[in-house]
Amino acid sequence: MPTIKPKNSYHPAIDTLQKEIEQYFKSLAEKNETIRYQFLFSPFYENADVLILGFNPGMGDKYCADVMERTGLTYTKYDTYSTGRDTFYVFRKAGLENVLEGRIVKSNVFHLATRTASQLYTTAKKIDETPKWLFYKKHYEWTRELIQKVAPKLIIIEGIRAYREIKKAIEENRFGQGIDFIDKTEIFQGKFEIGNRTFVFIGYHRARHGMINKDGFAELLREQYLQLNMLEEATK
């Protein structure tokens, strides 16, 4: 069985978190060598401009833990993956393409890699743990901790599945305290508190072909990002 040796570059601020995730998946892989995972898809930054949270790594045909050290966001404007292309499109449309070259962190709510999102739930059911909901509890805690350590100006949630998981965790008091949720047909936004800090998020619905209403989301992205920048400047 291959040994999991993540090459994601360690950062002192998340060293303990990253090692905890590594050890958890290493123990799962000892029982099931098909287990794949990946934690970060970018370098780590404290006080980042943006934190992007997807549902889970969708590269179950690769050994996702074994990746090159990240020097930048893994998405590119020429990405064959629709989410990567769409991300560059909306940032460019919003006049914020330079933000993608800066302090941006990309991760997921779940780190288990599967070929499809629905496959994550079936794979999680087969994980031999007691209690059975430990898989979800751990990921909610890891996501909460990541958000606190990244402390981003803005959180972007990729897709309705990721949004539902975060909202569910908040409603079950596993995550933070929800302040405001605005659910629309194609985009959503809101705020939640973790400790004494308020985090602002926006997100979008996806279809198989990619992001729905890219132009509408680009407009919301520009509006929210500029508002948060203005607020930050005013409080300095």
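**View 1. Helix α4, residues 134-150, from end to end.** The expected span is 1.5 Å times one less than the number of residues. Helices (H or I, at least four residues) and strands (E, at least two) are DSSP runs, numbered from the N terminus. Buried residues of α4 include F135, Y136, W142 and V150; buried means under 20% relative accessible area, exposed over 50%, and partly exposed in between (1.4 Å probe, protein chains only). Just after the helix, A151 takes a positive phi of about 45°. Please keep in mind that this is a predicted model, in which local features need pLDDT of at least 70, side-chain atom pairs count only at pLDDT 80 or more, and totals for chains, interfaces and linings use all residues. Residues are numbered from 1 along each chain as its sequence is written, and side-chain values use heavy atoms, with hydrogens and water left out.

**View 2. The stacked rings of F110 and F135.** The structure holds 15 aromatic pairs, and in this one the ring centres are 5.7 Å apart with 10° between the planes. F110 sits in the loop between β2 (104-108) and α3, and F135 in helix α4, so the pair ties together parts that are 25 residues apart in sequence. F110 is buried, at 0% relative accessibility, and F135 is buried with a relative accessible area of 0%. Rings of Phe, Tyr and Trp (its six-membered ring) pair if their centres lie within 6.5 Å; planes under 30 degrees apart count as stacked, over 60 as edge-to-face and the rest as tilted.

**View 3. Y163 and F188, another stacked pair.** Here the ring centres lie 4.1 Å apart, with the planes at 20°. Y163 belongs to helix α5 (residues 160-171) and F188 to strand β5 (residues 187-194), so to speak distant parts of the chain, 25 residues apart. Y163 is buried at 3% relative accessibility, as is F188 with a relative accessible area of 2%. Ring pairs link Y163 and F188 into a cluster with F181, F192, F199 and F201.

**View 4. Two lysines over phenylalanine rings.** K106 lies over the face of F41, 5.4 Å from the ring centre. Over F181 sits the charged end of K167, at 5.4 Å from the centre of the ring. A charge sits over a ring if NZ of Lys or CZ of Arg is within 6 Å of the ring centre and within 35 degrees of the ring normal.
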